[in-house]
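Dear colleague,

Please find below the structure for your records. My notes on what was found in it follow directly after.

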Amino acid sequence: MHFKTINFTCFLLLGGILGCASTPPSKTLPQSEVAVSSVDHSNYKKYVGNDVETVQVKLQRARDAAANKDNLITEQLAQQILLDVDLIKLKTQRMNAEQEVKELEANIINLHQELQWREPIQLTPLDQ
Amino acid sequence: MLIKFNLQVIIFFFLISCASAPKSYPPLEDAKSSLTTTKQEQDIQEVASVTLFQADEYIQIAEQALQEGDSSTADHYIYLSIRKQEIAKELLLKHQYEQELDKLKQQQQEMIAHARHIESKRAYTETQTAQQRVKKLEQALGQYQAEETSRGTLLVINDLLFVTGGADLEPESARRLEPLLQYLQGNPQREIIIEGHTDSMGEASKNKRLSQQRADAVKQYLSSRGIVASRIETRGFGEEVPVATNTTKAGRRLNRRVEIVIKTATQNEN
């Protein structure tokens, strides 16, 4: 009887320890939900539409994992989503800057030609 | 006893060799290799040092996880590390484009300022030139008797010489028409009316015909010097519009004249 009580206590303690060690529900998932919704916009889809779709699929996988109480997978996917969204935003900003550079270069070429037509000799300092 | 000891030694070395040579994990090796390459990119430390530091940390956590035999966690951190490396590269590219943009904007500003300078210089030069031309033309037209009328500027040329009784211009009359010619060449938008007048000597109908022929002769001369004929209209009034008495020689001389009306810009449009 005494031996059984000790075993039961040990079982309870072990269960408690294991319970404490398991992953708690993801705190990052709500953040990743917000992050994904922030890139669900034509500004981002214009340049990196595929990336937006991929991250939306990943978010759904995270939601499914959360529904199945697979907290570790949910948290990992949520963490990945945050970085995926950061990358989407940066890629878009970079592409916008790239586009702006191209347009400005074209404007400058036009302006340059116009100035050459007006007074070619005076363009020399700007050509340097 | 000796056999037992040897066995222990073999087991010990076996365990040591297992511990010192962990299995290579290609995804981790790839991530480490790409991190090394990324770190070598010019200016990246300046722009994305924190991001690269985090990428490094994720690699270390992945290594730790692999040592504990948890490849799933290792894969997760390898993914995060690669993402951080990509973010670092994007930060660098964005920085480079922004720098380029600043440079181009400055260049554009300089060019616009330069264009304005050229434009103002050109405008100043054109104004100066126009003023000089006007002055010159005023001087030239000053040789004629001029009057501003509702029809335009009226120039009276009394001493224009024609072959007696005919409508052919005497050669020296060309010199007299030179200022008018210059004016018309310098003002291609301006149109004129040439009006011929005679004194009352002879038949009125003949005088009228003669005055028209003389006006036409002036037109023909101007056209031969490059003035488009459509800019010139001619009229012959004969003796109908005298400006002085026809009873004296001096009066008749004044009546024998060619008048040029320089139309105003508004009249031209009409």
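Findings

In this predicted model, the largest nonpolar core comprises 19 residues, of which Ala62(B) and Ile78(B) touch the most other members. Three helices of chain B each supply at least two residues of this core: helix 2 (26–39), helix 3 (44–67) and helix 4 (71–141). The most is given by helix 4 of chain B, which provides eight residues.

Leaving aside residues up to four places away in sequence, Ala62(B) touches Leu28(B), Ala74(B), Tyr77(B), Ile78(B) and Ser81(B). Another core, of 17 residues, lies apart from the largest one; Tyr144(B), Leu177(B), Ile194(B) and Leu222(B) are among its members.

Turning to the other chain, I would draw your attention to one residue. Asn50(A) is found in helix 3 of chain A, which covers residues 42–67. Is Asn50(A) buried or exposed? Asn50(A) has 9 other C-beta atoms within 10 Å, and because a residue with 12 or fewer counts as exposed, Asn50(A) is classed as exposed. Between the C-alpha atoms of Asn50(A) and Ile88(A) the separation is 10.0 Å, while the two residues stand 38 residues apart along the chain.

Finally, the two chains meet. On one side, 24 residues of chain B take part, and they are in contact with 26 residues of chain A. The side of chain B that touches chain A is made up of eleven nonpolar, nine charged and four polar residues.

With kind regards

Key:
Residues are numbered from 1 along each chain as its sequence is written. Chains are lettered from A and ligands numbered from 1 in the order in which they are written. This is a predicted model: local features need pLDDT of at least 70, side-chain atom pairs count only at pLDDT 80 or more; totals for chains, interfaces and linings use all residues. A nonpolar core is a set of buried Ala, Val, Leu, Ile, Met, Phe, Trp, Tyr and Cys residues joined through C-beta atoms within 7 Å. A residue is buried if 20 or more other C-beta atoms lie within 10 Å of its own, exposed if 12 or fewer, and partly exposed in between; C-beta atoms are placed from the backbone. Helices (H or I, at least four residues) and strands (E, at least two) are DSSP runs, numbered from the N terminus. Two residues are in contact if their C-beta atoms, placed from the backbone, lie within 7 Å. Ala, Val, Leu, Ile, Met, Phe, Trp, Tyr, Cys and Pro count as nonpolar, Asp, Glu, Lys and Arg as charged, and the others, Gly among them, as polar.
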